[in-house]
Amino acid sequence: MSTIKLPTPGGQHRTIELAAPADLETSSTPSTSRIVYAAGHVVADPLLASAASSAIDWDATLKLRHELWGLGLGIAESMDTAQRGMGLRPKEALDLARRTLAEARTVGGAVVVGIGTDQLAPGPHPLKDIAEAYIEQLADIEDAGGSVVMMASRNLALSAKGPDDYLEVYGKVLDAAQRPVILHWLGSMFDPALEGYWGNSSIPDASETVLSLIESKKAKVAGIKISLLDKDHEVGFRRRLPEGVRLFTGDDFNYADLIAGDEHGHSDALLGAFAAVPRFASAAFARLDRGDATGFRQLLEPTVPLSRLIFEAPTQYYKVGVVWLSYLTGWQSHFRMLAGFESGRSVVHLADLFESANSIGLFPDPERSAARASAYFRAQGL
């Protein structure tokens, strides 16, 4: 099969030629020039997962993490890429984190784990209860030997009356931490429930709150992941961080520029996009480690249009694209997701993802990828 027919709106189709796999020199060792985490997804049990069940295929999920470690990438675990709060329940997220931390120790793999307050019922709660929920999850992960990413809390977004409430809750959690924490500023494009986070809908004003928190607790803050899809804001924010506090980009639209950096500094990486293009990321960082910034850009910049398509609005459904590409590249055997989340994207969107991925040579075995995509489209009656 040298071509594939892809569906288009109106029941028509387009025919594209299959591209040869990209020639990539990947690395099995972690980057020395940047800290790099790929936010991994969970593989659902294809026979049991449904809107009413979040059954996980644990063997396949952990195998996927070994694939990422084998490319020199760290794992950002139990975060929204793993459908935390969107199919993955708190007890399952903790189980996932413990399993991944245990597997990491067998290969020396890097891991950070997302924590939140999702054991609380949806809705507002007293600030004391929200802080205690965070601290409970923090203790669970630290007891398992892990370090955490303190994810944004929907409960806190509903409960806080202003910036001081955020400072109170975050201050208590950071005081309880035994290891430095990565903060996470997740924009409402990823989760509409987080509108006005940090007590202000103005990004510049919210930035002042976050920076004041980091300055007051800098010994407890390893860094902050910013996912606002605003390159200029991230660069400006990065330049104001205290020495020793890292900026982990979560900008899946502009990561190549932000990681490459400028004369004033650079961002490290904690990205869902790298779970979709892991071989490109591995090869690009191998170039950067050798001082080849041009080669880094040449490898990573072509992946940005694909990432922008994966993360197009409504952005919270980007996980569908990550799983679709994992299926097409052979990292998992099916295209099913927890809670039936795969229905969040249209068939045309999936076809567009195939075309974009094919254009950069993402598929190691294009014929197999095309056969899988075609079989799926036929099953939809196309």
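Good morning. I begin at the N-terminal end of α7, which is capped by D230: a side-chain oxygen of this residue lies 3.3 Å from the backbone nitrogen of D232. Please bear in mind throughout that this is a predicted model.

Helix α7 spans residues 231-238, and its buried residues are H233, E234, V235, F237 and R238. What do the buried residues of α7 pack against? Their partners are the strands β7 (181-186), β8 (221-227) and β9 (246-249), together with the helices α6 (203-216) and α8 (255-260).

Two cavities of 30 Å³ or more were found in a search of the whole structure. The largest cavity holds about 80 Å³ of space. It is lined by 15 residues, of which D80, T81, K225, G272 and Y318 are the closest to its centre. The elements contributing two or more residues to this lining are β7 and β8. Sorted by class, the lining of the largest cavity comprises seven nonpolar, five polar and three charged residues.

The second largest cavity has a volume of about 60 Å³. Which element gives the most to its lining? That is helix α10, residues 278-289, with four residues. The lining residues of this second cavity include S27, P30, L71, F285 and D289. Here the classes are six nonpolar, five polar and one charged.

Next, the aromatic residues. The structure contains 21 aromatic pairs. One of them joins F190 and Y318: the ring centres are 6.2 Å apart and the planes stand at 85 degrees, so the pair is edge-to-face. F190 belongs to the loop between β7 and α6, while Y318 belongs to helix α13 (residues 318-328), so the pair ties together parts 128 residues apart in sequence. F190 is buried, at a relative accessible area of 3%, and Y318 is also buried, at 2%.

Y255 lies in helix α8 and F274 in helix α9 (residues 273-276), 19 residues apart. Both residues are buried. Elsewhere, ring pairs link Y134, Y166, Y170, Y197 and W198 into a cluster.

Finally, I consider S369, in helix α15 (residues 366-379). Is S369 buried or exposed? Its relative accessible area is 1%, so S369 is buried. Leaving aside residues up to four places away in sequence, S369 touches L328, T329, F354 and F363.

Thank you for your attention.

Note on methods
Residues are numbered from 1 along each chain as its sequence is written. This is a predicted model: local features need pLDDT of at least 70, side-chain atom pairs count only at pLDDT 80 or more; totals for chains, interfaces and linings use all residues. Side-chain values use heavy atoms; hydrogens and water are left out. Buried means under 20% relative accessible area, exposed over 50%, partly exposed in between (1.4 Å probe, protein chains only). Contact means heavy atoms within 4.5 Å. A polar contact is a pair of N or O atoms within 3.5 Å; within protein, one must be able to donate a hydrogen and the other to accept it, and residues adjacent in sequence count only if both atoms are side-chain atoms. On a 1 Å grid over the protein atoms alone, a cavity is a set of points where a 1.4 Å probe fits but cannot get out, and a pocket is an open set with protein on both sides within 12 Å along at least five of seven lines; lining residues have an atom within 4 Å of a point. Grid points are joined across faces, edges and corners, and a volume is the space filled by probe spheres set on the points. Ala, Val, Leu, Ile, Met, Phe, Trp, Tyr, Cys and Pro count as nonpolar, Asp, Glu, Lys and Arg as charged, and the others, Gly among them, as polar. Rings of Phe, Tyr and Trp (its six-membered ring) pair if their centres lie within 6.5 Å; planes under 30 degrees apart count as stacked, over 60 as edge-to-face and the rest as tilted.
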